Amino acid sequence: MGTTVTPSVELDELGKFFTIAAHRIEAGQAKPEMFSAAVDAAWHRLLADPAAHDAFALRHAGRKLTHVEGSGTGFIPWVSAYEEAYGPLPEIWFTDADGTLDTEALARYRETGEVWAEWNCAPEPGDGDDLVPVATSR
């Protein structure tokens, strides 16, 4: 029996991230960097139930997505696409897995509109046989 996915701010943001990821993948752009430890922790919890994860990805990205390790640091270019679709990034994007808000990073973002961060993972598309239409707006 599958796990029931309990709604949360982190999962809501993960869904938005998956939607942005799908659009970037379809446009041939670089995969988006997962820079929020809090949102990534929710992603890891969801990965514990592959069926729930696949259903979540299909609902938000229109395709299966996999979680791949890959670290880096730098400018996060997908933020502007997020802002166009959903508005400014909420605080959860600047929160670690233990719930501590990085007030300095949040303040820099609010002042400059840019995010410079570290990341250790990103989404990749599934096998391609799982494509379904992606919702264009929420």
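Reply: Glu10, Leu11, Glu13, Leu14, Phe17 and Phe18 in α1 meet Ala38, Val39, Ala42, Trp43 and Leu46 in α2, where a contact means heavy atoms within 4.5 Å. This is a predicted model, in which local features need pLDDT of at least 70, side-chain atom pairs count only at pLDDT 80 or more, and totals for chains, interfaces and linings use all residues. Residues are numbered from 1 along each chain as its sequence is written, and side-chain values use heavy atoms, with hydrogens and water left out.

Me: What classes of residue make up the contact of α1 with α2?
Reply: The contact of α1 with α2 has nine nonpolar, no polar and two charged residues. Ala, Val, Leu, Ile, Met, Phe, Trp, Tyr, Cys and Pro count as nonpolar, Asp, Glu, Lys and Arg as charged, and the others, Gly among them, as polar.

Me: And at what angle do the axes of α1 and α2 cross?
Reply: Roughly 90°, and the axes come within 9 Å. That makes α1 roughly perpendicular to α2. Angles under 35 degrees count as roughly parallel, over 145 as roughly antiparallel, 65 to 115 as roughly perpendicular and the rest as oblique. The axes are lines fitted to C-alpha atoms, for helices over the stretch in contact, with angles from 0 to 180 degrees between N-to-C directions.

Me: OK, which residues join α2 to α3?
Reply: From α2, Trp43, Leu46 and Leu47 meet Pro50, Ala52, His53 and Phe56 of α3. Six of the residues in that contact are nonpolar, one is polar and none is charged. The axes of α2 (residues 37-47) and α3 (residues 50-61) come within 7 Å and cross at roughly 125°, so the two helices are oblique to each other.

Me: Switching topic: is Arg24 buried or exposed?
Reply: Arg24 is buried, meaning under 20% relative accessible area with a 1.4 Å probe, protein chains only (exposed is over 50%, partly exposed in between). Arg24 has no salt bridge, which would take a side-chain nitrogen of Lys or Arg within 4 Å of a carboxyl oxygen of Asp or Glu. The nearest side chain of opposite charge, Glu33, is 5.8 Å away.

Me: How about Glu124, where is that?
Reply: Glu124 is in strand β2 (residues 116-125), and at 30% relative accessibility it counts as partly exposed. Helices (H or I, at least four residues) and strands (E, at least two) are DSSP runs, numbered from the N terminus.

Methods
Lys, Arg positive; Asp, Glu negative; His and termini not counted.
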